Amino acid sequence: MRSFLDFIASSPSSFHAAHQVARRLDQAGFAEQDEAEPWDASPGGHYVVRGGAIMAWWVPENASPESGFRIVGSHTDSPGFKVKPGTDFTTVGWQQVAVEVYGGPILTSWFDRELVLAGRVILSDGSEKMVATGPLLRIPNLAIHLSRDKAQDASVLSRQVHLQPVMGVGDPEASVLDVVAASAGVDKHDIVAHDLITCDAQRGEMFGANMDLVAAGRLDNLSSVYASLEAFIAALQSGDAGNDVLVLAAFDHEEVGSATISGAAGPLLENVLVRTAQALEADTEDLHRMFARSWCVSADAAHSVHPNYVGKHDPVTQPLVNHGPVVKMNANQRYASDAVTWALWERACRDAGVPSQVFVGNNDSPCGSTIGPITATRLGIRTVDVGIALLSMHSARELCGAHDMGWFPQALEAFFVGD
């Protein structure tokens, strides 16, 4: 569990998460692929990084157009507040940073927390550098004495007015980019553009009567990125991966719809699969047959039943933290799971000796969606939506179970190496 918490701490932005995955793959002997160069589908491991997304593929010695793809997809991004261009302004002596809401955070959970800025900066020479500051920002609550009219209720919060963080007082010349540049080890005047997002400065911790609960930011969806990476490497080390090409797909921008060049609605995964198949000398007909033999697990966090809001959940299917990974079902196809892929996942859990659960939404509380339906629609590959159960999803600090984080990689490994 300590390695999982270290992974989260080292991944304050999607760019950092992709870098952490790449670092682990480098250690496992993978080679980075330049997308502008001829594609490498030689036996062994390869990966490509595009912004905050990373795709990795393992080609077995006997891979051919008769192989399929076994894919586990996740996403690296989490809700937060993204720094706007023209970042600094001053209000009645307070130095503030202009931010834009990214995704669907639980807004009130971000108040009164020390926040880091993390992401990437682009320099005048065209190079890119990742950066993470120390504790820098805070979105201050309004004192209860001044909010008798319930001005702090989420329903009346102005995203433009009430969510702008402070970073200091009394120094109107100070700039957030001064701090960012110092953290990155570059001259501020060399920064021409940036992608910077807030991150809770507090480290993840285990807690509870049995110390089997985990509190941390970005569990949605670093829990799946970490679990799929562990499973991917374990499957390769087991020597039981078979003839299929194993694929790890960690996309960016799921929290804002996935419709980007590094998101699941973009062409990145399809490019990896098609170029790999072509490098294995597959023609168009072979490619379609390879897709028909393929499977995809869409790994994204699920909802645990909430003890204080039981009525928001289905009265029969109520997943619980530390009771096993969850397969997610929805009649309106907000999740890609169907009876065939659900059965596949149950078999993987059974093979791994891992308990499993099912999530179905309450009809009066429509569920969200994932990369699963996007991947299934783009590629026509059979897909199942799964994840570990969380409380406080999209909070600045979410909650999951330590046992689930042990079981989830085992089930994903069984999917990678199963018949």
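Let's start with the layout. The domain assignment of the protein chain gives two parts: domain 1, residues 1–77 plus 217–417, and domain 2, residues 80–200. Keep in mind that this is a predicted model.

How far apart are the centres of domain 1 and domain 2? Taken over C-alpha atoms, 31 Å separate them. Now the contact between the two. On one side, 18 residues of domain 1 take part, and they touch 18 residues of domain 2. Together the domains bury about 1400 Å² between them. Of that area, 67% is on carbon and sulfur atoms.

Next, the pockets. Where does the second largest pocket lie? Domain 1 and domain 2 both give residues to its lining, so this pocket lies between them. The space in the second largest pocket is about 430 Å³. Its lining has 32 residues. Find Ser14, Asp77, Tyr102, Ile197 and Asp252 on the structure; of the lining residues, these lie nearest the centre of the second largest pocket. Two elements give two or more residues to this lining: helix 2, at 14–27, and strand 10, at 191–200. Strand 10 gives the most, with six residues. By class, the lining of the second largest pocket divides into ten nonpolar, twelve polar and ten charged residues.

Now the largest pocket. Its volume is about 780 Å³. Here 34 residues form the lining. Which of them lie nearest the centre of the largest pocket? They are His303, Pro366, Cys367, Gly368 and Met393. Strand 15, at 302–303, supplies at least two lining residues, and so does strand 17, at 357–360. Sorted by class, the lining of the largest pocket has twelve nonpolar, 15 polar and seven charged residues.

On to the cavities. How many cavities of 30 Å³ or more are there? The count comes to two.

The largest cavity holds about 50 Å³ of space. Among the residues that line it are Arg70, Leu344, Arg347 and Phe415. Helix 7, at 339–352, and helix 9, at 402–417, each supply at least two residues of this lining. The largest share comes from helix 7, with four residues. Four residues of the lining of the largest cavity are nonpolar, one is polar and four are charged.

The second largest cavity has a volume of about 40 Å³. Phe251, Glu270, Thr375 and Arg378 are among its lining residues. Helix 5 and helix 8, the latter at 372–379, each supply at least two residues here. Helix 8 has the largest share, three residues. The classes in the lining of the second largest cavity are four nonpolar, two polar and two charged.

Two backbone details to finish. Look at the peptide bond from Asp220 to Asn221. That bond is cis, with omega near 15°. Asn221 is found in helix 4, residues 219–238. The second detail is Ser258. Phi of Ser258 is near 75°, a positive value in a residue other than glycine. Where is Ser258 placed? Ser258 sits in the loop between strand 13, at 245–251, and helix 5, at 268–279.

One point to take away: the second largest pocket lies between domain 1 and domain 2, because both give residues to its lining.

Technical notes:
Residues are numbered from 1 along each chain as its sequence is written. This is a predicted model: local features need pLDDT of at least 70, side-chain atom pairs count only at pLDDT 80 or more; totals for chains, interfaces and linings use all residues. Side-chain values use heavy atoms; hydrogens and water are left out. On a 1 Å grid over the protein atoms alone, a cavity is a set of points where a 1.4 Å probe fits but cannot get out, and a pocket is an open set with protein on both sides within 12 Å along at least five of seven lines; lining residues have an atom within 4 Å of a point. Grid points are joined across faces, edges and corners, and a volume is the space filled by probe spheres set on the points. Ala, Val, Leu, Ile, Met, Phe, Trp, Tyr, Cys and Pro count as nonpolar, Asp, Glu, Lys and Arg as charged, and the others, Gly among them, as polar. Domain bounds come from an automatic or database domain assignment. Contact means heavy atoms within 4.5 Å. Buried area is the accessible area (1.4 Å probe) that two parts lose on being put together, summed over both.
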